[in-house]
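This report looks at ring contacts, charges over rings, and strand pairing. Please keep the model open while reading.

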Amino acid sequence: MEIEKQRGISVATSVMAFDYSGHKINILDTPGHQDFAEDTFRTLTAVDSVIIVIDTAKGVEAQTRKLMEVCRMRKTPVIVFVNKMDRDGKDPFDLLDEIEAELHINVCPLSWPIDMEQWFKGVYNIFEQKLDLYTSSKQHVTESVEFKDIHSADLENHIGADLAEKLRSDIELINGVYPEFDVDTYLQGDIAPVFFGSALNNFGVKELLDCFIRIAPSPRPVQAVERVVEPKEEAFTGFVFKIHANMDPNYRSCIAFVKICSGRFERNANYKHVRFGKMMRFSSPTAFMAQKKETVDEAFAGDIIGLPDTGNFKIGDTLTAGEELHFKGLPSFSPEMFKYIENADPMKAKQLNKGVEQLMDEGIAQLFVNQFTGRKIIGAVGQLQFEVIQYRLLHEYGAQCKWEPVNLYKACWIESDNQAMLDNFKKRKAQYMAVDRQGRDVYLADSSYVLMMAQQDFPDINSTLLRNFRGSFLFLISFQPYKLVRIL
């Protein structure tokens, strides 16, 4: 998106696929900014393995720690790529220590840099026992030499005596300190192989991909509420993990991205939309490569396809060949910042409403309508989300909005079997009651004290409070003192 180009950050997950050495690889590139953590965590439900890219200068960042928490919880195997080795940065051994300490996972280097910064000469590929030499002016691997024995005197001819001696010393230390790489341990998520390189110069990426297609898992089983879905099953199943609004501004079209969990998806075949309980057919499913997209006739377990969405899909929806299945585990965070959204151009009210509707379906933030005043409130995790919404409304929908502050603490979704108490609660808290996009009752508490008093005064009211806690867990909190139930 244009805003991503201007700011140099990603604000939405991008999807693409490509063929490499006889394998089909689907890439889901997640936002790096912490304000878009919810999109990142939703995307992680659709992946079978993860590649974490770490800046050699910045080291492990806050968003990386959160991502790793989810990977650990889901037992997702992880590969680490340390980037920008041709620039100023931390010592490789210090980086390995930091990765282990910050991400709480054992590491095993499968390639090792030969010097760094402006003196960067290349990497020794431990996994394949090859020497890959780097020439920055040509921006590609200029030479790959097989070295089964790095103690060979021929090593000095390629990198010089000093660097050869240091490389031998480093490899000896690696062999003595770090555990030997084991594929099964990696697949269980207990060890992370580490590669070094410079992605901008396309150096070290080939070594990463060559190893990736050898050790990374094929599509794995997916847990549904009813049962475990195996990828080799004949019947098609899949779920929507992302919706991207306004893919084609000329038609205001949206795309629902579906992770295929099992079976074979066929174009124009009838599939059951489980939430609606009806059969649907799709004439133009698409696959993506960068900004290009093409219509696909079939797709298989592990693939990501895009389905045109005219308002039929919500994040978490399930498609099947006919079976009643509900895939679980897609996270939702309670907003931590709230603002009134107002129309800054009365002539563009229709465009504004359409834009807000589609962006909220995308999951970029949450919309609440105050039942007392009728005003619309946008809830977000961070300030940048408000800026992105305002920018996209203007540049994609031609609508201008303005924000007004509102002092709120948390959004709580409420329900109760005691209808009389629920009605009394809504009456007492009328000015703080709202409804979300699904028409559910939401209590917008203005302080932690008021929320605590509500817990005491209305013990039969249950409230779902999906909280980030600057982490990645979902909790169900009941309006009963000291009762806390964790939802996986």
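## Charges over rings

Over which ring does the charged end of arginine 375 sit? The ring is that of tyrosine 340, with its centre 3.8 Å from the charged end. The model is predicted.

The charged end of lysine 339 sits over the ring of phenylalanine 386. Here the distance to the ring centre is 4.8 Å.

## Aromatic pairs

A pair of aromatic rings is described by two quantities: the distance of the centres and the angle of the planes. Searching the whole structure gives 16 aromatic pairs. One of them joins phenylalanine 282 and phenylalanine 313.

Ring pairs connect Phe236, Phe265, Tyr271, Phe282 and Phe313.

Strand S14 covers residues 253-262. Nine of its 10 residues are buried, so the strand is largely enclosed by the rest of the structure.

S14 pairs with S21 in the antiparallel sense, over six bridges. Within this pairing, alanine 256 has leucine 307 of S21 as its bridge partner.

## The parallel sheet

Which order do the four strands of the open sheet take? The order is S3-S4-S10-S5, and the pairing is parallel. Strand S3 (50-55) and strand S5 (106-109) stand at the edges. Each has a single partner strand, so one side of each is left without a neighbour in the sheet. From one strand to the next, the twist averages 30 degrees.

Strand S4 (residues 78-83) and strand S10 (residues 191-196) run parallel and are joined by three bridges. Valine 82 has phenylalanine 196 in S10 as its bridge partner. Helix H3 (residues 62-74) packs on the sheet and touches S3 and S4. The direction of H3 makes about 160 degrees with that of S3. Helix H8 (residues 205-215) also packs on the sheet, touching S3, S4 and S10. The direction of H8 makes about 180 degrees with that of S4.

Note on methods. Residues numbered from 1 in each chain as written. Predicted model: local features only at pLDDT ≥ 70, side-chain atom pairs only at ≥ 80, totals over all residues. Heavy atoms only, no water. Phe/Tyr/Trp six-rings, centres within 6.5 Å; stacked < 30°, edge-to-face > 60°. Lys NZ or Arg CZ within 6 Å of the ring centre and 35° of its normal. Buried < 20%, exposed > 50% of the residue type's maximum accessible area, 1.4 Å probe, protein only. Helix = DSSP H or I, 4+ residues; strand = E, 2+ residues; numbered from the N terminus. Pairing = 2+ DSSP bridges. Axes fitted to C-alpha atoms, helices over the stretch in contact; angles between N-to-C directions. Contact = heavy atoms within 4.5 Å.
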